[in-house]
Amino acid sequence: MAVNEHSALAPVNFMPKVQMFLSKRLVAKEIARTEFKAQLRSGQSIDWPYITRGRAQGYTPGTDLEMDANKAASDTMLIDQSSAATFVLDPNQRAQAEDKTISAQLADEQAYVLANEIDQKILKEGTDNAGSTVDGGALAAATLYAQMTNITATLQRANANGKRFAVLDPETCALIAQLEVANGFNTADAALANGFVGKSHAGFYVYSSNNLPTTVTMTMDTQPTNGDTTTIAGATWTWVTDATAANAGEINIGADVADAKDIFVTAINGTTPPTANDYIDIDVENRRDYQQAVVAAAAFTGDDCVITGFGKLACSETFTAATNGFSLEEGSMLFGTKGAVSLGMQIQPTMSSAPEPKRPMEMNYALHDLYGKKVFYRDIPKLVKMTRTVTAATI
């Protein structure tokens, strides 16, 4: 069933709404050097060539100057990042979506999903490739300002001129707000303008984001006990006697600790367990939260499992064994000069629709975005990563 071009869900009408909301949400758009193109294809590359740095040399009349070679090099960004947001509407829902308010809410939700994914990739690109790292530790209002001024000095030493930015997690933004109440900060309105919350006295344009990378390690050297719990990113898993998992969020303790480790990793990742029904998945809302935050558990190395995600993971546990538990949760925040991370992106996402197989009255919709990300060689010194302790260890 085709979508009439006069419909609120026709791509010509719906996609500009999605793009408008996407542009308002993207922190990446505010901090990155961007190149938007009407059409991109996967595998395409965008070049940012640069030349060898020049120098000044002393000159004495009547003597020869040394002629420096001027070498050009090309740094290339590959368009290889692809994301999609999908939804299904039945005839009644499609009729409701024709209402301008409902279609705007639907467009906003799809933009939220796409913006989260793009911001996560861009911010991680920045923290992974930052030229310097500062260990912020357990930040407090009394120490944060000194750390930020130290970062300012680091950027100045690197001749990183231009407007400086800081992408911080909400808790750190709250610390700045305590320091600079009279300086225009209003964290409650952060989502209204690409996460912008104000300009700090340290000279940074400050943005708040839940899409900064976070990591924590879970240690498990003893088989869990029936009734133990593990909470990660708001979802609680309850360990139960082996082969008895029956309710959402229940996870078998396994035949031994090695089996428990394997079951745990598959449960967090939502993949096939060692044995059928070794875990019963958390509810749809919690699984969606995991997917949005890209929560992932790596295979155990010895007794340690590294869990990664975006935003605060807030891990806790009630293990009977005192040696089982979580390490300090470490978050990364990004400081630098605007434009030091580069983003090449389609001007507007594309949208496709098709009838649901065997239920042709229902329609499947898919929004697709294509982009590339890169920290170019010359821009590496213009970025600083600050790590901080997000939550305390439980062991």
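The face of helix α8 that is turned away from its buried side carries Val-284 and Glu-285, both exposed, where exposed means over 50% relative accessible area, buried under 20% and partly exposed in between, with a 1.4 Å probe and protein chains only. The model is predicted, so local features need pLDDT of at least 70 and side-chain atom pairs count only at pLDDT 80 or more, while totals for chains, interfaces and linings use all residues. Residues are numbered from 1 along each chain as its sequence is written, and side-chain values use heavy atoms, with hydrogens and water left out.

Helix α8 spans residues 284-293, and its buried residues are Asn-286, Arg-287, Tyr-290 and Ala-293. These cover an arc of only 130 degrees around the axis, which puts them on the same side of α8; the arc is taken from the directions from the helix axis to the C-beta atoms. Helices are DSSP runs of H or I with at least four residues, and strands are runs of E with at least two, numbered from the N terminus. Just after α8, Val-294 has a positive phi of about 50 degrees.

Strands β10 and β15 run antiparallel and are joined by two bridges. Thr-231 lies in β10 (residues 229-232), and its bridge partner in β15 is Ser-316. Thr-231 is buried, with a relative accessible area of 15%.

Methods:
Pairing = 2+ DSSP bridges.
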